[in-house]
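Welcome! Below is a short tour in questions and answers for anyone meeting this structure today.

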Amino acid sequence: MKLRFSPTSPYVRKVTVTLIETGLEDRVERIPTSVWDPETDIATVNPLGKIPALVTDDGQVLFDSPVICEYLDSLHDGDKLFPAPGAPRWRALRLLALGDGMTDAGVLKLLESRRPEAFQYDKWAQRQGTVIGRAMDDRRRLLHRLAGLPLPGFGLARRPPRPRRVVRGLLRASVDDGDGAERGGVIPRGGRFDAPAGAREGAADQVVFS
Ligand SMILES: N[C@@H](CCC(=O)N[C@@H](CS)C(=O)NCC(=O)O)C(=O)O
C-alpha cells in the first residue's frame, strides 16, 4: 500500500495512529506530498486534491481519513477499532466525527490566518475557535461519563494539555489529587475509575474508537 502523506497533516496523523494500532505500519510506503505546492500531482490520485490518500495493493485509491482508517481496520485480526453495527459502533463513530470536526475547525482557523490580512475574517476564525472549545467540552464530558467520574468539580478547571497516550479499546484516566500528585489507571471498556478522596480535577487521555 502507498500512503500519500505529509507529517504536518492532522488527518494523516490519525491514519498513522491507526497503522500503529493495527500493526500495519510496515505494509505502507509513505509518499511525501505537499498539497499546497502548485506542481503537486495529488489530484491525479485523489480528485479532491487532499491527503491522506491510500493506494491499496489492488490499485484502489481510498480517501477521506475515516474511510482509510476503517479499511485498515478490516485488514487485521486484532481488536477492532471500528465495532460492528450496534450501540458501540454509533458511539465510536460519533467520537470519530467529533475528532474530525474539531480538526476541520482547527484547519479552517489556521487557513484563515494564512490569508493576506485584508482578506481575513476574524469572526470566522473565532467561530472555529468556539467550535473547538465546545467539542473539547463534549469530549471531556463523554470521557468522564465513560470513566464513571462524577461531573461536578471535574472538568471545570482548565489545565495545560498533557502528552496523550492512545490505548486501544481502553480509556486511561487520571486525577490530580490536589497536591500535584497524579493517580490514574487504565479502565476496561464499561469499567469504572474511582477518584481518590480530595481529587479536584479529572482528565482522560484518549479513547480510540472503542
Ligand atoms: N476530510 C478529509 C480532510 C483532509 C484534508 O483536508 N487534508 C488537508 C491537509 S491537512 C488537505 O489535503 N488540504 C488540501 C486542500 O484542501 O486543498 C480527511 O479526513 O481526510
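**A first look at the fold**

From the N terminus on, the protein chain runs β-α-β-α-β-β-α-α-α-β-β-β-β-β. Helices (H or I, at least four residues) and strands (E, at least two) are DSSP runs, numbered from the N terminus. This is a predicted model, where local features need pLDDT of at least 70, side-chain atom pairs count only at pLDDT 80 or more, and totals for chains, interfaces and linings use all residues. Residues are numbered from 1 along each chain as its sequence is written.

Q: What percentage of the 210 residues of the protein chain count as buried?
A: A residue is buried if 20 or more other C-beta atoms lie within 10 Å of its own, exposed if 12 or fewer, and partly exposed in between, with C-beta atoms placed from the backbone. By that rule, the buried share of the 210 residues is 24%.

Q: Which residues around the ligand include I51, and how many of the shell are nonpolar, polar and charged?
A: A residue is near a molecule if its C-beta atom, placed from the backbone, lies within 6 Å of it. The residues around the ligand are S9, Y11, V35, G49, K50, I51, P52, F63, D64, S65, D100 and V107. Ala, Val, Leu, Ile, Met, Phe, Trp, Tyr, Cys and Pro count as nonpolar, Asp, Glu, Lys and Arg as charged, and the others, Gly among them, as polar. By class, that gives 6 nonpolar, 3 polar and 3 charged residues.

Q: Is G101 buried, partly exposed or exposed?
A: G101 is found in helix α4 (residues 87-114). Because 15 other C-beta atoms lie within 10 Å of G101, this residue is partly exposed.
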